[in-house]
Amino acid sequence: MKSDINYHERSHYYSTKFMRSSKAVGVLWGIFTMCYSILAIVVFLQDQWIGDADNSKGPGNFGIWRWCTDSQDGREICRGRLDDFGTILSPAFRAATVFTGLACIISILCVVALVLFFMCRSSDVFKICGSMQFLSGICLAIGILSFPAGWDNEEVRGVCGPMADDYKLGTCGIRWGFVLAVIAFFDSIILGCLALTLATKKLKFLEEPAYMNPSSMYQGEINPGFLGDNMSLAGSRKSGGLQPVMLMPHGPQDDRYSEYSHPTGRSTQSPYRTGPQVHHNLQL
């Protein structure tokens with residue numbers, strides 16, 4: 001019995017701890033989901049994916065759809081427009097633009113889907129958002145892998161040198177935009193795994209032990225030697241062979257006759273005597 005009590009106490013402690021931890025982790029997941037959406041938007045808009053280094057042929061930097069170079073008078077000239085894909089340097093850059101843009105859109109929809117917590121079960125919302133985050137991460141990964149395939153463009157070689165080629169950067173260097181895209185990709189995968197874990201992890205409710213369940217008192221789960229006045233041995237499973245016990249009502253503590261006995265001369269306070277008691281004093 002003692003081991004059962006300790007087991008159920010530990011189970012109750014861990015279940016309570018699990019519920020509190022799940023709520024805290026869920027709140028953190030929602031915050032980082034918003035942060036991931038911001039990261040994806042910044043990565044998509046920035047033109048600092050790659051750029052010139054100290055030994056480059058000229059100044060310049062390139063994003064997935066926007067690229068900038070310096071003119072002869074020192075002014076920065078930027079090209080590339082989202083409403084005109086013809087201004088994007090290469091098909092690889094266009095593919096990176098499409099898939100990175102899809103990753104941004106999905107991340108924004110995932111943030112909007114947080115409103116479903118007020119209308120649907122939390123497990124369903126976690127599954128939906130986790131799947132969307134995985135999809136967003138896959139799109140972002142395709143964009144990251146497609147971008148280096150366009151480094152053989154003549155504009156890129158004009159800044160990075162003739163050594164620049166597919167997946168070869170030449171004399172240029174990686175900028176913070178590319179690093180941020182890689183971080184956003186891992187962030188989306190981690191958030192997706194966490195969301196699906198929260199969706200599938202359920203608390204297993206344990207049966208209430210017999211010593212905590214008052215309804216089990218009349219089913220023989222406790223020691224019959226410690227039954228109270230309001231309990232009967234007749235209702236216990238362990239006492240199936242016993243005859244029913246008649247419970248006598250509690251009355252005054254004064255000496256009285258039994259309802260099943262004949263009057264005798266042993267008591268003067270019995271309410272069952274009908275006449276005065278006669279005392280015989282005999283002397284020898």
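**Note on the salt bridges**

1. The side chains of Arg121 and Asp124 form a salt bridge, with 3.3 Å from N to O. Arg121 is exposed, at 56% relative accessible area, whereas Asp124 is partly exposed, at 28%. The model is a predicted one.

2. Side chains of opposite charge can pair when their charged atoms come close.

3. Asp47 and Arg66 also meet through their side chains in a salt bridge, at 2.7 Å from N to O. This pair joins distant parts of the chain, 19 residues apart. Asp47 sits in the loop between helix H1 (2-45) and strand S1 (50-51), and Arg66 in the loop between strand S2 (60-62) and strand S3 (67-70).

4. Is Asp47 buried or exposed? Asp47 has a relative accessibility of 6% and therefore counts as buried, because the cut-off for buried is under 20%.

5. Glu154 counts as exposed, at 57% relative accessibility, while Arg157 counts as partly exposed, at 25%.

6. Which residues are linked with Arg157 in a network of salt bridges? The network is made up of Glu154, Arg157 and Asp165.

Technical notes:
Residues are numbered from 1 along each chain as its sequence is written. This is a predicted model: local features need pLDDT of at least 70, side-chain atom pairs count only at pLDDT 80 or more; totals for chains, interfaces and linings use all residues. Side-chain values use heavy atoms; hydrogens and water are left out. A salt bridge is a side-chain nitrogen of Lys or Arg within 4 Å of a carboxyl oxygen of Asp or Glu. Helices (H or I, at least four residues) and strands (E, at least two) are DSSP runs, numbered from the N terminus. Buried means under 20% relative accessible area, exposed over 50%, partly exposed in between (1.4 Å probe, protein chains only).
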